[in-house]
Amino acid sequence: MSSKITITDFKILQKSFAGVLFFDNSSTHNAQKILYSTDASVYQEKPLAVAIPKDVSDLKLLIKFANDYGITLIPRAAGTSLAGQVVGKGIVVDISKYFDKILEINEEEKWVRVQPGVIRDDLNVILRPYGLMFGPETSTSNRAMIGGMIGNNSCGLHSIVWGDTRSNLLEVKALLSNGFETEFRNINKADFFKKAYEQTLEGKLYGQIFKILNNPLIQETIEKNYPKKSLTRRNTGYALDMLSDNELFKQDSNKPFNFCKLLSGSEGTLAFITEAKLNLISLPPKEIALICIHCNSIQDSLQANLVALRYNPMASELVDKYILDFTKGHHLYHQNRFFIEGDPAAILMVEFMAETDEELNKITSLFISDLQKEGIGFAYPVVKGEDTKPAWEVR
Ligand SMILES: Cc1cc2nc3c(=O)[nH]c(=O)nc-3n(C[C@H](O)[C@H](O)[C@H](O)COP(=O)(O)OP(=O)(O)OC[C@H]3O[C@@H](n4cnc5c(N)ncnc54)[C@H](O)[C@@H]3O)c2cc1C
């Protein structure tokens, strides 16, 4: 426990806190702190306390408490992060229990408003009858939550078509470091400058970000050093390149400024998200085919990818020999190798979707004949429908 803060301080906090706090060294509290000392990464650090807030008032109490005692808050959703994003010595704040409501679905405008503890796959089950879905996915989407997906700017297999979380995040309701509740969304130039003059923490954020991003030297540095914008699957620190890609900083742009671009991927370090408005897409075509291009080398599979991109696939993923060999004789994954022929150095798995099987067969055979003409690959098994799921599991 920090030198300034005592168990009595936590006990006082508990009196007005509607949710649950684990802070002392009793076996129950200690067990909880140990459970919350890691995520899906190798990192481990026992937090000072664990909080399971019931509502926004609880979050505000936590923020005040953290400010009073100079400690940090670590927002936590499902805790499936791979790089210690929810590990730390402050108070781990678990929003998975009570912030799990879907608040509003707008079928016509294709958006949904949710709390951050909503699980991605559960959301899509609810949206299915509307013919809609939230596109960005992760391999952990049956447990990953929207708050965590925003924090990590998550995306997966179909990111080339459905994009990342950032590109599907429309608005956010959040608490700032002083407990002030605010909303971030597209904001036009006039409103941006009005905000920037406000004598509040929010006003300062607009003012300071304008000063920083309007500096030509900084703009040039960002332009030169950030990864290519065409790389969807990336989370390389604060996305200042995305935040500055709008009419305020680019003369040839008519995109509005939106702080959500920065919040997505900020790993819980900037604000505590309490609601998010997400863009939805129509359900994809129902017929699926996975062409598994067996290659003699990694080089070959990269060439295959260039051909694949000409056909606008839904997904294109490399599975190299290291992964393939790992599945050999594996008690779970061995049976998923049903589509593998011989001993390829790599397999490029390319997925297509279409409304009809005929349409799908047409794309598939054109694609395979192109690969053959260019001498890429030695076998091209096509997996369809439900069988694509165990095939993808190999990856
Ligand atoms: C086997 C495996 C496969 C994976 N595959 C993928 C993949 O394909 N693509 C991918 O992108 N990721 C992948 N991941 C990483 C991870 O599962 C995802 O990024 C996931 O979306 C994180 O969601 P979560 O709910 O577990 O978030 P958490 O791990 O709980 O949190 C993630 C970040 O969000 C912040 N956060 C959470 N809630 C809030 C809030 N309310 N306000 C502010 N910040 C908040 C946290 O502080 C943290 O920084 C994988 C992980 C594993 C273990």
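This is a predicted model: local features need pLDDT of at least 70, side-chain atom pairs count only at pLDDT 80 or more; totals for chains, interfaces and linings use all residues.
**First stop: two helices**

Select residues 189-196, which form helix H7, together with residues 201-213, which form helix H8. Their axes come within 7 Å and cross at roughly 115°. Because angles of 65 to 115 degrees count as roughly perpendicular, H7 is described as roughly perpendicular to H8. Now display the side chains at the contact: H7 contributes Phe-192, Phe-193, Lys-195 and Ala-196, while H8 contributes Glu-202, Gly-203, Tyr-206, Gly-207, Ile-209 and Phe-210. Sorted by class, this contact has six nonpolar, two polar and two charged residues.

**Second stop: salt bridges**

The model has a count of 29 salt bridges. Begin with Lys-101 and Asp-100, whose side chains meet at 2.8 Å, N to O. Lys-101 is partly exposed, at a relative accessible area of 41%, and Asp-100 is also partly exposed, at 36%.

Next, select Lys-250 and Glu-223, which form a salt bridge at 3.8 Å, N to O. Lys-250 is in the loop between helices H10 and H11, whereas Glu-223 belongs to helix H9; the two are 27 residues apart.

Proceed to Glu-317 and Arg-233, where the closest N and O atoms of the salt bridge are 2.6 Å apart. Glu-317 lies in strand S13 and Arg-233 in the loop between H9 and H10, so this pair ties together parts that are 84 residues apart in sequence. Is Glu-317 buried or exposed? Glu-317 is buried, with a relative accessible area of 9%, but Arg-233 is partly exposed at 40%.

How values were computed:
Residues are numbered from 1 along each chain as its sequence is written. Side-chain values use heavy atoms; hydrogens and water are left out. Axes are lines fitted to C-alpha atoms, for helices over the stretch in contact, and angles run from 0 to 180 degrees between N-to-C directions. Helices (H or I, at least four residues) and strands (E, at least two) are DSSP runs, numbered from the N terminus. Angles under 35 degrees count as roughly parallel, over 145 as roughly antiparallel, 65 to 115 as roughly perpendicular and the rest as oblique. Contact means heavy atoms within 4.5 Å. Ala, Val, Leu, Ile, Met, Phe, Trp, Tyr, Cys and Pro count as nonpolar, Asp, Glu, Lys and Arg as charged, and the others, Gly among them, as polar. A salt bridge is a side-chain nitrogen of Lys or Arg within 4 Å of a carboxyl oxygen of Asp or Glu. Buried means under 20% relative accessible area, exposed over 50%, partly exposed in between (1.4 Å probe, protein chains only).
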